[in-house]
Amino acid sequence: MSIIQIIFLLLSVMAVGSALMMITSKNPVNSVLWLIVVFFAISGHYILLNAQFLAIVNIIVYAGAIMVLFLFVVMLMNLNAETEPIKNRRLQLIGVTSGGALMLIIISAVSKIDVEQLVQINAGDSGLIKVLGMNLFKNYVLPFEISSVLFLSAMIGAVVIGKKEEIDIKK
Amino acid sequence: MLLAIDFALLLEKLILVVVVVFASLGIAMYTTFAERKVAAILQDRRGPNRAGPFGLLQPLADGMKLFFKEEIIPNFSSKFLFVMGPALAMLTACMTSAVIPWGDKIDFFGRTVDLQIADVNIGILYVFGVVSLGVYGIMIGSWASNNKFSLMGGLRAASQIISYELAMGISLIALLMITGTLSLKEMVVQQQHGYWNVVLQPLGFLIFLVCAFAECNRTPFDLPEAENELIGGYHTEYSSMKLGFYLFSEYINMFVSSVVMATLFFGGYDIPFFDESVLSPNLAAILGIVALMTKVIAFIFLFMWVRWTIPRFRYDQLMHLGWRILIPLALFNMLATGGVILFFNK
């Protein structure tokens with residue numbers, strides 16, 4: 001085994017293991033913390049694929065900002081294992097079925113991919129910031145701008161929804 | 001082939017890591033002493049002067065005191081997370097120094113040693129990433145304390161750091177547009193041959209400075225531990241060396257953010273109005289480190305000066321400054337910089 005394979009295995013075990021811990025732990029704060037570990041493992045995979053920019057942005061945006069907000073909300077609501085409502089059996093069954101169906105689809109899609117052609121460990125340059133910038137702002141500039149408009153409208157929507165409740169309280 | 005690593009390089013980097021970490025710990029130790037002395041001077045007192053000549057052994061005495069205090073872990077808290085809080089705070093404080101260029105190359109018995117642990121081509125993003133992780137130590141510790149005052153402090157820290165990170169990031173974008181690189185080393189080299197970035201980006205520097213104060217939880221932004229509202233804020237329940245770690249990580253953060261500001265805006269290890277290339281490389285490197293440290297000490301003094309001069313903000317003032325003043329200013333700065341670059345086609 002080469003050293004890259006060993007690192008890959010370690011990272012994969014870390015990612016899958018902490019993802020399982022995230023789903024199974026009763027305390028929501030622990031779940032959030034395990035999810036942060038998952039993001040770090042995925043960033044490690046990005047670095048193995050020579051995509052340092054993607055790796056660090058994954059850490060800044062997901063581990064650094066979004067998960068802080070998650071943790072913030074969970075702590076603010078002070079959720080505990082004791083106060084968590086127990087969902088009824090039918091809902092649990094539906095959740096397991098739909099999740100399993102999604103997993104089947106993903107597995108059947110992934111198994112058709114020619115792995116040799118897809119994975120270029122430490123060789124591809126598509127994740128480097130220069131290549132990424134050129135691609136985003138030259139070849140894919142229209143989808144990029146459209147998605148940014150989508151984000152903007154989502155932000156405005158969030159503000160509008162937040163404002164509406166404030167007016168209701170005043171009444 | 002298994003473990004095909006250049007062991008000399010590994011050893012070199014390992015020594016560099018140890019030196020950098022211990023140097024920043026030592027500097028942070030004496031920063032606590034300097035803080036008390038500066039406070040004393042500003043308040044017309046003498047400050048600590050009993051332990052050793054001029055009170056120079058005071059930090060050691062403080063450290064000893066913290067070590068020998070009783071360690072208390074609250075009953076109704078998650079013990080693992082309670083211990084992990086201060087450890088994370090310390091870890092993230094020390095991690096930033098990995099990408100900072102401390103000096104130019106040094107010639108060590110025929111081997112050229114780069115005075116930088118890792119010259120990654122995303123250096124500045126790495127700094128930003130570690131800064132954004134810095135809040136976890138405070139949040140986890142405050143939650144694990146199972147105390148309402150601690151939790152309030154932790155929540156304040158989180159919302160404060162998220163608010164000021166945005167303005168900080170946008171002010172950095174304007175800087176990146178000018179330098180055209182993400183590597184801290186290349187930025188320093190550019191500033192050696194041209195102007196310091198503070199001349200080209202005065203507004204950006206000001207925004208960055210204010211945000212750095214907020215990210216370090218220094219007065220006037222020390223609401224997470226506002227002692228007259230929240231007892232001790234996020235570290236109310238902590239005692240002994242775990243409390244010491246929290247207090248100490250604040251000083252390391254202050255040191256590291258001073259180094260980052262000196263590197264980004266004040267030429268790093270560049271000696272002003274002087275061409276280093278006429279000196280022998282070793283002498284130039286050592287003088288460069290001295291120059292960097294002089295700038296850092298000036299910044300640390302500024303941090304203390306502000307702390308003992310300006311009172312704490314109210315919480316709504318803090319949010320107002322972050323969202324209504326700093327972010328629009330940073331956006332304006334970014335647009336203006338972009339416009340100027342386009343106009344002069346630089």
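The buried residues of helix α2(A) pack against α1 (3–24) and α3 (52–77) of chain A, together with α5 (135–144) of chain B. Buried means 20 or more other C-beta atoms within 10 Å of the residue's own, with C-beta atoms placed from the backbone. Helices are DSSP runs of H or I, at least four residues long, numbered from the N terminus. The model is predicted: local features need pLDDT of at least 70, side-chain atom pairs count only at pLDDT 80 or more, and totals for chains, interfaces and linings use all residues. Residues are numbered from 1 along each chain as its sequence is written, and chains are lettered from A in the order in which they are written.

Helix α2 of chain A covers residues 28–48. Its 21 residues reach 31 Å from first C-alpha to last, close to the expected 30 Å (1.5 Å times one less than the number of residues). Its buried residues are A:Val29, A:Val32, A:Leu33, A:Leu35, A:Ile36, A:Val38 and A:Ser43. Just after the helix, A:Asn50 takes a positive phi of about 65°.

In chain B, helix α12 (residues 281–307) holds B:Ala291. B:Ala291 is buried, because 21 other C-beta atoms lie within 10 Å. Leaving aside residues up to four places away in sequence, B:Ala291 touches B:Tyr269, B:Asp270 and B:Ile271; contact requires C-beta atoms, placed from the backbone, within 7 Å. B:Gly268 is 23 residues from B:Ala291 in sequence and 8.0 Å away in space, C-alpha to C-alpha.

Chain B averages a pLDDT of 83 (the predictor's confidence in each residue, from 0 to 100). The model scores ipTM 0.79 and pTM 0.83.

How values were computed: Helix = DSSP H or I, 4+ residues; strand = E, 2+ residues; numbered from the N terminus. Buried ≥ 20, exposed ≤ 12 C-beta atoms within 10 Å, placed from the backbone. Contact = placed C-beta atoms within 7 Å.
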